[in-house]
Amino acid sequence: MRIDLHTHSSVSDGTDSPAELLAAARAAGLDVVALTDHDTTAGWAQAEQSRPDGLTVVPGMELSCRWFPTGAPPISVHLLAYLFDPGHAGLAAERARLRDERLSRGERIVRALAEAGHPVVWREIVERADGGVVGRPHIARALVEARVVDSIEHAFATLLHHRSPFHVAKADTDVLLGIELVRSAGGVPVFAHGLATRRGRVVGDEALATMARAGLLGLEVDHPDHDPDERAHLRGLAGELGLLVTGSSDYHGNNKTTPIGACTTAPDQYEALVAAGTGAAPLTGTVGPPGHHG
């Protein structure tokens with residue numbers, strides 16, 4: 001079995017629609033793929049409708065979080081949440097708050113860029129997102145189209161970098177609260193790309209141990225942004241803490257160069273993850289009528 005447990009569609013900051021993403025997963029020879037858009041489950045219904053025969057889809061989400069170290073500024077982290085009840089009131093309210101926060105942040109970034117003379121227009125960026133959760137990748141694409149930068153990577157290395165004068169912080173969820181909400185919704189929380197130092201500051205082993213005590217169930221180990229030493233360290237730590245080990249591509253369509261299925265999860269770890277989730281089930285079998293998710 002080939003299993004990729006971290007992908008993004010155009011419902012958040014990918015370029016493929018959920019249907020296109022699932023078709024790409026099947027074409028790449030995947031047996032299981034998780035749809036984990038940022039702070040939303042809005043792609044779940046289309047995934048239900050468009051799932052190709054032979055492909056299992058794990059409904060999930062990537063929650064924007066913060067770790068608050070003692071005596072130091074907070075660190076941006078991400079929590080993958082699988083198989084939770086999308087109707088759980090607490091988690092639904094928090095992801096709605098995060099989407100509003102992301103929109104407000106994006107508008108402030110674009111306003112500052114426009115005031116500095118860069119030809120980007122917030123209304124046009126929102127329209128092009130076509131109902132998706134607008135984030136910095138949408139702004140990056142607008143900057144590329146306006147020929148302000150050469151590529152999306154160039155945008156993130158310069159104007160959208162966290163040290164840029166245009167940077168705006170988000171009020172993300174305390175990761176310990178995020179873990180609590182996901183678990184209370186019957187979901188499986190897995191810490192995403194925890195040692196991806198190229199993305200900025202990362203949390204230490206003691207922070208991950210604290211998260212495990214709070215109910216974290218897994219670590220994303222095999223990820224394109226982890227080098228072999230980082231993967232080995234996380235794998236060992238997962239063993240010490242009794243956590244599941246996952247692997248994934250973090251696929252974003254054309255917004256990143258990494259292909260779907262670039263890293264994968266072992267079948268036994270996937271089976272343990274499914275056994276731990278009680279709020280929703282993987283999408284298999286006959287496709288039914290679409291549901292409504294927020």
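**Helix contacts and pockets**

Let's start with two helices. Arg105, Gly106, Ile109, Val110 and Leu113 in H3 meet Arg136, Ile139 and Leu143 in H5. Sort that contact by class and you get five nonpolar, one polar and two charged residues. Keep in mind that this is a predicted model.

How do we describe a packed pair? Two packed helices are described by the angle between their axes and the distance between the axes. For H3 and H5, the axes come within 10 Å and cross at roughly 25°. Angles under 35 degrees count as roughly parallel, so H3 is roughly parallel to H5. The crossing of H3 and H5 is right-handed.

Now the second pair. Helix H8 covers residues 205–213, and helix H9 covers residues 228–241. Their axes are 11 Å apart, and the packing angle is about 40°. That angle makes H8 oblique to H9. The crossing of H8 and H9 is right-handed.

Which residues touch here? From H8 we have Asp205, Leu208, Ala209 and Ala212. They meet His233, Leu234, Leu237 and Leu241 in H9. By class, the contact of H8 with H9 has six nonpolar, one polar and one charged residues.

On to the empty space. Rolling a probe the size of a water molecule over the atoms shows where empty space is left.

What is the volume of the largest pocket? About 1,500 Å³. Its lining has 47 residues, and the closest to the pocket centre are His78, Arg136, Phe156, Arg198 and Arg199. Remember Arg136: that residue is also in the contact between H3 and H5.

Several elements give two or more residues to the lining of the largest pocket. Two are strands: S3, at 56–67, and S4, at 75–82. The others are helices: H3 at 89–115, H5 at 136–145 and H6 at 152–157. By class, the lining of the largest pocket divides into 15 nonpolar, 16 polar and 16 charged residues.

Next, the second largest pocket. Its volume is about 310 Å³. There are 16 lining residues, and Ser10, Gly14, Arg128, Ala129 and His138 lie nearest the centre. Helix H4, at 122–129, and H5 each give two or more residues to this lining.

Which element gives the largest share of that lining? H5 does, with five residues. By class, the lining of the second largest pocket has five nonpolar, seven polar and four charged residues.

Helix H5 packs against H3. H5 gives residues to the lining of the largest pocket. H5 also gives residues to the lining of the second largest pocket.

Note on methods
Residues are numbered from 1 along each chain as its sequence is written. This is a predicted model: local features need pLDDT of at least 70, side-chain atom pairs count only at pLDDT 80 or more; totals for chains, interfaces and linings use all residues. Side-chain values use heavy atoms; hydrogens and water are left out. On a 1 Å grid over the protein atoms alone, a cavity is a set of points where a 1.4 Å probe fits but cannot get out, and a pocket is an open set with protein on both sides within 12 Å along at least five of seven lines; lining residues have an atom within 4 Å of a point. Grid points are joined across faces, edges and corners, and a volume is the space filled by probe spheres set on the points. Helices (H or I, at least four residues) and strands (E, at least two) are DSSP runs, numbered from the N terminus. Ala, Val, Leu, Ile, Met, Phe, Trp, Tyr, Cys and Pro count as nonpolar, Asp, Glu, Lys and Arg as charged, and the others, Gly among them, as polar. Axes are lines fitted to C-alpha atoms, for helices over the stretch in contact, and angles run from 0 to 180 degrees between N-to-C directions. Angles under 35 degrees count as roughly parallel, over 145 as roughly antiparallel, 65 to 115 as roughly perpendicular and the rest as oblique. A crossing is left-handed if the near helix is turned anticlockwise from the far one by less than a right angle, and right-handed if clockwise. Contact means heavy atoms within 4.5 Å.
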